[in-house]
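User: Please take a close look at a single part of this model. Keep it brisk, and give the cut-off behind each term.

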Amino acid sequence: MRVAIQAGYHFMGCSFQRLENSLGACDTRSPMLVHLGPKGLHCEKGGFHVDPARGVERALITHAHSDHARGGSKEYLCAAPGAGLLAARLGSRARIRGVPYGERIRLGDVIVSFHPAGHVLGSAQIRMESEGEVWVATGDFKRDHDLSCAPFELIPCDTFITEATFGDPSYEWDNPEGVCRSIFDWWEEVRADGATAVLFCYALGKAQRILAELTRFTKRPVLVAPEIERLNYCYREEGVALLPTRDVASCSVESFRGELLVTTPHFFQDRSGSALAGLGRIQTAFASGWAKTGRFGSRTYHRTFALSDHADWPSLLRTVEETGARSVYVLGDSSERLSQTLRKKGVYASRMLPDSERHRGSSCEMTVQGELFGNLSRS
Ligand SMILES: [Zn+2]
């Protein structure tokens with residue numbers, strides 16, 4: 001029977017899931033363990049928020065990207081491998097407790113554990129268990145191979161709260177090892193031409209993934225923007241092998257020829273836009289999942305590489321099915337397509353609309369895409 005509507009509602013102080021099918025029948029299920037409040041995902045029984053949009057008493061953070069890890073909370077809990085990155089993002093005064101993957105801790109009346117999400121170093125799905133019901137909030141995740149972080153762990157659950165950054169059938173990733181091989185081949189071509197290869201990408205996660213994957217092809221050092229080098233330190237502290245790197249801000253321009261520079265636009269913006277010209281002859285490229293459809297980057301850069309740290313469309317569907325979840329909530333701007341598709345498959349699925357702050361913000365990959373397009377033109 002096709003489910004047409006699912007909505008959350010409140011009664012006598014409790015939130016319940018209301019599931020309506022196409023005949024108008026209403027199925028009242030168990031109380032909602034997590035709901036989307038004004039500050040973000042809130043677990044009242046556990047006394048915590050997940051990736052809150054504003055400061056709270058206790059914040060559980062799925063990963064250190066700026067649209068998930070925000071300052072102002074009294075206490076932060078995250079997966080232990082991501083604690084260094086979170087401290088780098090929030091500052092030394094933030095109270096951060098790293099919890100080993102899989103360790104079960106009690107918060108209020110809820111048993112909580114962090115499990116690998118495969119998105120970036122220390123990224124975690126958050127498993128919440130209360131009165132025999134298991135909920136999982138994914139944060140951002142991917143199922144693809146990534147040398148720079150622990151692989152996604154499948155967590156069976158009753159209710160699954162998933163991201164859907166690439167919740168559209170047009171997003172289906174090529175083999176990421178092949179994409180990284182293409183990045184190396186492009187660098188070789190540019191090097192042979194005596195130019196400098198400038199690769200733009202997000203500073204946290206994508207840059208380190210590329211630096212890790214390139215170890216399969218070379219041992220040559222790579223130039224990086226200062227903000228990337230700062231985060232590289234956190235990866236190396238957690239034992240992730242990256243190519244040797246040099247902070248581009250401390251190198252002379254003459255040394256750039258034939259080199260690969262991995263950077264964000266900020267490095268150039270902070271230098272009045274003249275630094276690109278100072279590099280001499282360059283070839284530019286852009287690495288992001290958004291490059292897959294050609295909507296972004298193809299007219300701005302010489303090359304684009306569709307390399308994403310999010311689940312593609314088939315992976316989203318597969319993951320929902322494999323969790324065995326009876327109910328699914330989908331987060332983000334692209335949530336409607338996924339929730340519609342899941343409902344057609346007979347899954348109780350609903351969009352979980354972001355609060356106003358989250359809505360005005362942008363996803364990890366959308367952020368870098370917007371920055372790049374607003375400030376660079378193809379040279
Ligand atoms: Zn992210």
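Predicted model: local features only at pLDDT ≥ 70, side-chain atom pairs only at ≥ 80, totals over all residues.

Analyst: Residues are numbered from 1 along each chain as its sequence is written.

The part to look at is an open sheet of 6 strands. Its order is S17-S16-S18-S15-S19-S20, and the pairing is parallel. Strands S17 (245–247) and S20 (303–305) stand at the edges. Each has a single partner strand, so one side of each is left without a neighbour in the sheet. From one strand to the next, the twist averages 25°. Strands here are DSSP runs of E with at least two residues, helices are runs of H or I with at least four, and both are numbered from the N terminus. Two strands pair if DSSP finds at least two bridges between them.

Strand S16 (residues 222–224) pairs with S17 in the parallel sense, over 3 bridges. Val224 stands opposite Asp247 in S17.

Now the helices. Helix H2 (residues 176–192) lies across S15 (196–200), S18 (260–263), S19 (282–287) and S20. H2 runs at about 150° to S15. Helix H3 (residues 206–213) lies across S16, S17, S18 and S19, at about 150° to S18. Axes are lines fitted to C-alpha atoms, for helices over the stretch in contact, and angles run from 0 to 180 degrees between N-to-C directions. Contact means C-beta atoms, placed from the backbone, within 7 Å.

S12 (residues 124–130) and S13 (residues 133–137) run antiparallel, joined by 5 bridges. Arg127 stands opposite Val136 in S13. S13 also pairs with S14 (residues 159–162), in the parallel sense over 3 bridges. There, Trp135 stands opposite Thr159 in S14.

The S12–S13 hairpin has 2 residues between the strands. Glu131, in that loop, has a positive phi of about 50° although it is not a glycine. Most residues other than glycine have a negative phi. Glu131 counts as exposed (12 or fewer other C-beta atoms within 10 Å, with C-beta atoms placed from the backbone; buried takes 20 or more, and partly exposed lies in between), because it has 10 such neighbours.

Asp51 also has a positive phi, about 45°. Asp51 sits in the loop between S6 (48–50) and S7 (58–60). With 23 C-beta neighbours inside 10 Å, Asp51 counts as buried.

Of its 379 residues, 49% count as buried.

Note on methods:
Contact = placed C-beta atoms within 7 Å.
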